[in-house]
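User: I am new to this structure and would like to learn how to read its features step by step. Could you guide me through it?

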Amino acid sequence: MRVVTGLIGAIVEAWSEVRVHRTRVLLSLIGVAVAVAAITGVVAVGGVLEQSQTESNERYGGRPALLSVNIADSTGSRTPDAGTMDAALTRLADRYNVRYHSRVLQDQLSLTTPQGVVQSNMMAVDPDYATMHRLRTISGRMPDAADETHLAPAVVIDSATWKLLGSPPLATHPTVTLQGEQPVTAVVIGIQKSDCDQCYSITMLYDQFLRLNAPSQSQGVIPTWEAWVPPVHSQALSARFTTDLTTEFTGGWSIQVSRNDYAANQYGDPLLPVKIGVGSIAGLVLLLGALGLLNISLVTVRYRIREIGIRRSFGATAGRVFFSVMMESVVATVVAGIVGVALAIILLKNPITDGLVGQAVQDVPPFPVSAAILGLVVSTAVGALAGLLPALVAVRVKPIDAIRY
């Protein structure tokens with residue numbers, strides 16, 4: 001109890017001294033607060049940038065772990081029967097409890113637009129594909145399971161194709177004509193960002209594409225099957241998939257199961273150079289603030305030699321004097337650290353920043369508690385280091401000499 005009381009008393013005393021000398025330490029504490037805000041912000045922004053990079057990679061390669069299954073003839077002269085392949089892959093998903101999986105077929109498709117007939121890249125997928133690849137639309141939505149029952153195919157086009165249609169509002173249910181065995185009118189339900197002004201693309205559900213264009217019309221294009229599985233089980237499931245499909249597809253069929261997501265071949269942190277660069281700048285600002293606080297603390301101790309001597313003559317121990325002088329710097333920098341952390345949170349979590357971040361990141365990470373803790377730990381450490389030398393100077397003061405001042 002005496003230890004706790006002494007600690008609280010030292011903190012209260014240190015805060016009183018900081019308030020007395022606030023004009024001297026204010027500029028140094030501003031530097032410390034700015035540096036802590038920078039370090040805290042680096043950690044928080046690093047999390048956002050990492051999430052943005054992760055989501056970008058997942059849109060192209062899929063979420064970890066994404067297994068891609070290809071069934072092909074080793075001679076290249078035949079394609080697997082669509083019905084047999086679908087049945088085998090459905091049994092595979094049920095057997096190993098694969099929650100998210102999708103057939104994927106990429107081909108060319110002719111579209112009739114007000115500007116004429118254009119060739120477009122076409123991707124036919126199942127509803128789970130959008131979740132597995134974090135597909136996003138700039139307007140509208142991706143096709144879901146409910147769209148499979150509609151007579152008119154639901155399609156998502158890119159912004160370049162949308163401009164060819166005259167940029168109609170999606171609320172008017174714009175349509176586009178798909179050329180197949182028979183021309184079919186499809187309803188546009190979503191718009192994705194285009195890679196270029198003349199790169200046309202369309203995404204639709206796999207079963208609706210088969211109704212539009214019979215499997216025999218696909219010119220030998222073989223669909224692949226993608227499965228989103230836990231990363232820790234990816235190797236075991238890859239071997240199981242290969243074994244089971246090899247058993248079902250005999251007679252010269254080649255089974256290839258590969259992991260294509262970004263995490264399969266990623267080593268280290270791709271954002272590490274950015275974090276080191278910004279962290280180094282923040283560390284330099286923190287060092288300058290600490291040096292300024294150290295200088296102010298030394299000057300303050302010199303002015304307080306008489307006070308320290310009187311305290312020593314009344315029985316204050318060297319340890320008590322050392323602790324009280326050091327605590328003045330620690331309390332000051334902790335307060336500056338709290339202000340810096342609060343400043344970082346305000347800057348990163350205000351509506352304007354959230355709006356900008358939300359355009360690039362689908363799942364915005366919360367402000368990390370580790371960043372706030374890091375800021376407070378750094379500010380405390382700076383205060384301890386800045387107060388160490390003045391505390392040693394105060395301890396070396398002899399009461400008889402101090403009283404002469």
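**Reading the fold**

Analyst: In this chain, 81% of the contacts with a separation of 6 or more are between residues 24 or more positions apart, a contact being heavy atoms within 4.5 Å. The model is predicted, so local features need pLDDT of at least 70 and side-chain atom pairs pLDDT 80 or more, while totals for chains, interfaces and linings use all residues. Residues are numbered from 1 along each chain as its sequence is written, and side-chain values use heavy atoms, leaving out hydrogens and water.

User: How many helices and strands are there in the chain?

Analyst: Helices (H or I, at least four residues) and strands (E, at least two) are DSSP runs numbered from the N terminus, and the chain has 13 helices and 10 strands.

User: At what angle do helix 10 and helix 12 cross?

Analyst: Axes are lines fitted to C-alpha atoms, for helices over the stretch in contact, and angles run from 0 to 180 degrees between N-to-C directions. The axes of helix 10 (residues 318-349) and helix 12 (residues 369-395) cross at roughly 150° and come within 7 Å. Helix 10 and helix 12 are therefore roughly antiparallel to each other, the term for angles over 145 degrees.

User: Which residues of helix 3 meet helix 7?

Analyst: Ala88, Leu89, Arg91, Leu92 and Arg95 in helix 3 meet Phe241, Asp244, Leu245 and Glu248 in helix 7. Helix 3 (residues 82-95) and helix 7 (residues 234-248) pack at about 145°, their axes 11 Å apart.

User: What share of the 405 residues is buried?

Analyst: Buried means under 20% relative accessible area (1.4 Å probe, protein chains only), and 42% of the 405 residues in the chain are buried.

Definitions and conventions. Parallel < 35°, antiparallel > 145°, perpendicular 65-115°, else oblique. Buried < 20%, exposed > 50% of the residue type's maximum accessible area, 1.4 Å probe, protein only.
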